[in-house]
Amino acid sequence: MEMAKIGPGIAGGNNRQTVTDEDGEGRHLFKRWCEAAGLEMGLDEMGTMFARREGTDPDLPPVYVGSHLDTQPTGGKYDGVLGVLGGLEVVRSLNDLGIKTKHPIVVTNWTNEEGARFAPAMMASGVFAGVLDQADVYEHVDKNGKKFGEELERIGWKGTEKVGERKIHAFFELHIEQGPILEDEGIDIGVVTHGQGLKWLQVTLAGKEAHTGSTPMPKRRNAGLGMARVIELVHEIAMDYQPDAVGAVGHMEVYPNSRNIIAGRTVFTIDIRSPEKEVLDAMDGRIREGIDTICDALDIKYKIEQVGHFDPVTFDKGCVKAVRDAAERLGYTHRNIVSGAGHDACWINRVAPTAMVMCPCVDGLSHNEAEEITKEWAAAGADVLFHAVVETAEIVG
């Protein structure tokens, strides 16, 4: 609730987008809390924060735990934040109990997980894992033409540590489910075994602006109609690959966006996801083919650019077992679950053993200011996270 006071939204949630002044303020608060817990703060060139609690053998690779503090423009108070502050709570509890671990523990705040202001999502963890180019993402611009690298430096959170050089023994991420399954089934803990693959396509349709009243219907080259047909196409294709595939058009821009002018240009994003790579690729192919057919029929031109992508993820069996065993020892109900959203854990899984813990959220709602969880759900998730992290870091004595 204290973090949520920074970058408040207009309807009870948060607008603390990456590398804004609000993001910088949230980082300062997190740093103060970490220093109060005796942690040493590291900062890499992507602005990712690493708060270290020393182990009895400082030469061993640390166990990392965390998520992100940035939000959507109309985001909730828990998406990402729960995982970062849950990691801090692990350390505070260890301090309170006087428990030492063999491996160091590092609480992490990854920069720009959301990808709302600067695409793609999971930017800093992607650079860390070697799947995104650091120099390239520095040049990515927001809707106002501001560059990510320059904004990161402007708010004072561009570090000097080279990205990706840290050794990771294991990584754990606590997150709200962002879906309705756990709440609907009355389950305390989601043991995340897999993550859906994702593709983001940005589509530009170019028709011809014309008067809505005096242009005959057969003469129109309507980019707005083309977008509408693509929206329906994406939905139909996703429905063909049930139960696990999903697809939708999210961001939409219409030009010139005047009530009596037929749209001459539209720009929009398509988000498709599946836990199976073959399905994801098949959906991509069908969408591209369908757009070609739609545009040919309407005499409009198109451009498709892939602006985000990651393959389906299988999390580390040992880390997943640590999460499941912790839930069982603590007496929490649990079930295996596939994450429908992308997370920093999806990239870190490429370079270190990784797993995720999920807790329910009310009505499965996320990326919405009405996002809500209960204290009991948060406590259960943090309990399981604590046991999985500490078991992996190895208690001394």
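A salt bridge is taken here as a side-chain nitrogen of Lys or Arg within 4 Å of a carboxyl oxygen of Asp or Glu. The model is a predicted one, in which local features need pLDDT of at least 70 and side-chain atom pairs count only at pLDDT 80 or more, while totals for chains, interfaces and linings use all residues. Residues are numbered from 1 along each chain as its sequence is written, and side-chain values use heavy atoms, with hydrogens and water left out.

Arg-335 is partly exposed at 27% relative accessibility, and Glu-185 is partly exposed at 46%, where buried means under 20% relative accessible area, exposed over 50%, and partly exposed in between (1.4 Å probe, protein chains only).

Across the whole structure the search finds 20 salt bridges. Among them is the contact of Arg-154 with Asp-21, whose closest N and O atoms are 2.8 Å apart. Because Arg-154 lies in helix α5 (residues 148–154) and Asp-21 in helix α1 (residues 21–36), this pair ties together parts that are 133 residues apart in sequence. Arg-154 also meets Glu-151 in a salt bridge of 3.0 Å, N to O, but here both residues lie in helix α5, three residues apart, about one turn of the helix. Glu-151 is buried at 7% relative accessibility, whereas Arg-154 is partly exposed at 46% and Asp-21 is partly exposed at 49%.

The aromatic side chains come next. Rings of Phe, Tyr and Trp (its six-membered ring) pair if their centres lie within 6.5 Å, and planes under 30 degrees apart count as stacked, over 60 as edge-to-face and the rest as tilted. By this rule there are eight aromatic pairs. One of the pairs, Phe-50 with Tyr-64, is edge-to-face, with 6.0 Å from centre to centre and 80 degrees between the planes. Phe-50 lies in strand β2 (residues 49–53) and Tyr-64 in strand β3 (residues 63–67), so the pair ties together parts that are 14 residues apart in sequence. Both partners are buried, Phe-50 with a relative accessible area of 1% and Tyr-64 at 2%.

Technical notes. Helix = DSSP H or I, 4+ residues; strand = E, 2+ residues; numbered from the N terminus.
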